[in-house]
Amino acid sequence: MELIDQFSRPINYLRISVTDRCDLRCVYCMKEKMNFLPKNKILTLEEIERLCDNFIEMGVKKIRLTGGEPLVRKDIIKLIKNLNLKKKNTNLNEITLTTNGTLLEKYAKNLKKNGVDRINVSLDTINPKKYNEITRFGNLEKVILGIKAAIKNNIKIKINTVAIKNFNEDELVDLIIWTNKNKIDITFIEVMPMDETDTSRHLQFVPLDKIYQKINKIFNFQKLNQNTGGPAVYYSGTNISNKIGFITPITNNFCANCNRVRITSTGKLYMCLGQNDHIDFREILRNDYSNDYIKERILHAMKIKPKKHDFLIDEKTKPYMERHMNVTGG
Ligand code: SAM
């Protein structure tokens, strides 16, 4: 079976936020003081797995666990282990994570053992002082040790870096050189106007086309014709052998090939990261509804999946999004 949305896009990729909690507070992601949800509002691992089973039976092939920080969720390895077993007799062929890397040193071996072969690590700077500043209290050394542990365990890493005005704009070349040295691909991402943080979005946002033009003078980028199924456009460059990706949700909409939907840690299915309409599965899961009913709601989601996001960042416009990124994850 294949899930197809109202614009004939095949949907085979599910992202699930397993917790709204994070051990960092990146300034563009969350406010300094956040209220996290009580445990009973968050889906249990069994509820997450049941949702996954239904999506897999309907054609989902790839699942990404995110958050908050997925590795702070208690028993996360148990969930990954159970999902990994499903690869044997279903169409599921990949389980991956987006993580800040702080707990990777602890978990890398177990992740690999349970079928996680690739992960995205979020890293906006390789300057320890700046890292501490952007994450509000993070320790870069822990992340570097985590990345090394993942590489040692044969987990392929991609770094995701959010380009932030007056913060890392001038460090992106160094990040390319550092990732190239470590044989890691890197993707730059524009800040998105998710719910408000302590600084106005227009003071964080820097358009990636501006950055591309600047750093292209150094690397003489060549566009790669590979289709990764994701929104990034990848380039190779002179004197580097890693791939450099650009994700431009603000300056260049890429939704025509969208292949994904997202579930929050509370069980809300968002058909688009940049829209507010959703279907709430938590009460369905907790009130004895059948799997047939869950599938019916998933099919309905396909009929209402929006064509595209409408992100706008300017001085006057308050973010239209009602949630921070830790709710739906990245
Ligand atoms: N804790 C994990 C991590 O750091 O990767 C997973 C969750 S985090 C919300 C996922 C990604 O979203 C990170 O790469 C983070 O930098 C990014 N992110 C958070 N807020 C964002 C925003 N407003 N615009 C663009 N990316 C954002």
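Buried means under 20% relative accessible area, exposed over 50%, and partly exposed in between, with a 1.4 Å probe and protein chains only. All views show a predicted model, in which local features need pLDDT of at least 70, side-chain atom pairs count only at pLDDT 80 or more, and totals for chains, interfaces and linings use all residues. Residues are numbered from 1 along each chain as its sequence is written, and side-chain values use heavy atoms, with hydrogens and water left out.

**View A. Met-194 in its loop.** Met-194 is buried, at 2% relative accessible area. Its loop runs between β6 (185-190) and α7 (208-219). Helices (H or I, at least four residues) and strands (E, at least two) are DSSP runs, numbered from the N terminus. Contact means heavy atoms within 4.5 Å. Beyond neighbours within four places in sequence, Met-194 is in contact with residues including Arg-201, Leu-273, Phe-311 and Met-325. Gly-245 lies 51 residues from Met-194 in sequence and 22 Å away, C-alpha to C-alpha.

View B. The ligand has 18 residues around it, and Tyr-28, Gly-68, Glu-69, Ser-122 and Met-192 come nearest. The shell divides into seven nonpolar, eight polar and three charged residues. Here Ala, Val, Leu, Ile, Met, Phe, Trp, Tyr, Cys and Pro count as nonpolar, Asp, Glu, Lys and Arg as charged, and the others, Gly among them, as polar.

View C. A polar backbone atom of Met-192 is 2.8 Å from a ligand nitrogen. For Gly-68, a backbone N or O atom lies 2.9 Å from a nitrogen atom of the ligand. Glu-69 uses its side chain: an N or O atom there is 3.0 Å from a ligand nitrogen. Taken alone, the ligand exposes 550 Å², and the protein buries 94% of that. Areas come from the Shrake-Rupley method with a 1.4 Å probe; for residues, only the protein chains shown count as cover.

View D. Leaving aside neighbours within four places in sequence, Ile-63 is in contact with residues including Leu-14, Cys-52, Ile-56 and Leu-92.

**View E. Val-261 in strand β10.** Strand β10 (residues 260-263) contains Val-261. Val-261 is buried, at 1% relative accessibility. Leu-14 is 247 residues away in sequence, yet 5.3 Å away in space, C-alpha to C-alpha. Not counting residues up to four places away in sequence, Val-261 touches Leu-14, Phe-55 and Met-302, among others.

**View F. Two residues with positive phi.** Most residues other than glycine have a negative phi. Asp-75, not a glycine, has a positive phi of about 65°. Asp-75 sits in the loop between β2 (62-66) and α2 (76-86) and is partly exposed, at 40% relative accessible area. Asn-239 has a positive phi near 65°. Its loop joins β8 (233-237) and β9 (240-247). Asn-239 is exposed, at 74%.

Notes
Near = heavy atom within 4 Å. Polar contact = N/O pair within 3.5 Å; in protein donor to acceptor, adjacent residues only side chain to side chain.
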